[in-house]
Amino acid sequence: MAIDFTQPVFVISVAAELSGLHAQTLRTYDRLGIVTPERTSGGGRRRYSLRDVAMLREVQRLSQ
């Protein structure tokens with residue numbers, strides 16, 4: 001079974017925990033277009049992929 005790193009599966013709270021960032025920071029990055037997660041069709045809720053989480057970590061590393 002292969003892992004699809006682009007599959008959006010994490011809600012914002014989980015993505016925040018995995019990336020070590022606050023959920024509000026993720027919302028800001030989304031609004032600014034830095035890391036833009038997929039949205040659910042039902043309610044437009046953010047869903048982050050493993051690739052998104054890796055990008056969040058990289059943004060955090062570069063901003064330090």
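# Close-up views of a predicted model

**View 1. Ser-19, a buried residue with a relative accessible area of 3%.** Welcome to the first stop. Buried here means under 20% relative accessible area, exposed means over 50%, and partly exposed lies in between, with a 1.4 Å probe and protein chains only. The model is predicted, so local features need pLDDT of at least 70 and side-chain atom pairs count only at pLDDT 80 or more, while totals for chains, interfaces and linings use all residues. Residues are numbered from 1 along each chain as its sequence is written, and side-chain values use heavy atoms, with hydrogens and water left out. Ser-19 sits in helix α1; helices (H or I, at least four residues) and strands (E, at least two) are DSSP runs, numbered from the N terminus. The Ser-19 side chain reaches back to the backbone oxygen of Ala-15 at 2.9 Å, and one of its polar atoms lies 3.2 Å from the backbone oxygen of Ala-16. For such polar contacts, two N or O atoms must be within 3.5 Å; within protein, one must be able to donate a hydrogen and the other to accept it, and residues adjacent in sequence count only if both atoms are side-chain atoms. Not counting residues up to four places away in sequence, Ser-19 touches Leu-26, Val-53, Leu-56, Arg-57 and Gln-60, where contact means heavy atoms within 4.5 Å.

**View 2. The buried face of helix α1.** Ile-12, Ala-15, Ala-16 and Ser-19 are the buried residues of α1. Seen down the helix axis, they fall within an arc of 100°, so they line one face of α1; the arc is that of the directions from the helix axis to the C-beta atoms. What do they pack against? Their partners are α2, β2 (46-47) and α3. Just after α1 comes Gly-20, with a positive phi of about 80°. Gly-20 and Arg-57 are 37 residues apart in sequence, but their C-alpha atoms are 7.5 Å apart in space. Arg-57 belongs to helix α3 and, at 44% relative accessibility, counts as partly exposed. Leaving out residues up to four places away in sequence, Arg-57 touches Leu-18 and Ser-19.

**View 3. The two sides of helix α2.** Ala-23, Leu-26, Tyr-29 and Asp-30 are buried in α2. Down the axis of α2 these buried residues span an arc of 115°, so they too line one face of their helix. On the other side of α2, Arg-31 and Leu-32 are exposed. The buried residues pack against α1, β1 (38-39), β2 and α3. Gly-33 follows the helix, and its phi is positive, near 80°.

**View 4. The largest nonpolar core, with 12 residues.** A nonpolar core is a set of buried Ala, Val, Leu, Ile, Met, Phe, Trp, Tyr and Cys residues joined through side-chain atoms within 4.5 Å. The members are Phe-10, Ile-12, Ala-15, Ala-16, Leu-21, Ala-23, Leu-26, Tyr-29, Val-35, Tyr-48, Val-53 and Leu-56. In soluble globular proteins, nonpolar side chains tend to be buried together.

**View 5. Salt bridges, 3 in total.** A salt bridge is a side-chain nitrogen of Lys or Arg within 4 Å of a carboxyl oxygen of Asp or Glu. In helix α3, Arg-61 and Glu-58 lie 3 residues apart, about one turn, and their side chains meet in a salt bridge at 2.6 Å, N to O. Glu-58 is partly exposed at 34% relative accessibility. Elsewhere, salt bridges that share partners join Asp-30, Arg-39 and Arg-46 into one network. Arg-39, partly exposed at 45% relative accessibility, pairs with Asp-30, the closest N and O atoms being 2.8 Å apart. Asp-30 is buried, with a relative accessible area of 11%. Asp-30 also forms a salt bridge with Arg-46, again with closest N and O atoms 2.8 Å apart. Asp-30 lies in helix α2 and Arg-46 in strand β2, so this pair ties together parts that are 16 residues apart in sequence.

**View 6. Asp-52, buried yet without a salt bridge.** Asp-52 is found in helix α3 (residues 50-63). Which side chain of opposite charge is nearest? It is that of Arg-51, 4.9 Å away; Lys and Arg count as positive and Asp and Glu as negative, while His and the chain ends are not counted. The Asp-52 side chain does reach the backbone nitrogen of Ser-49, at 3.0 Å. Leaving aside its neighbours within four places in sequence, Asp-52 is in contact with Val-35, Thr-36, Pro-37 and Arg-47.
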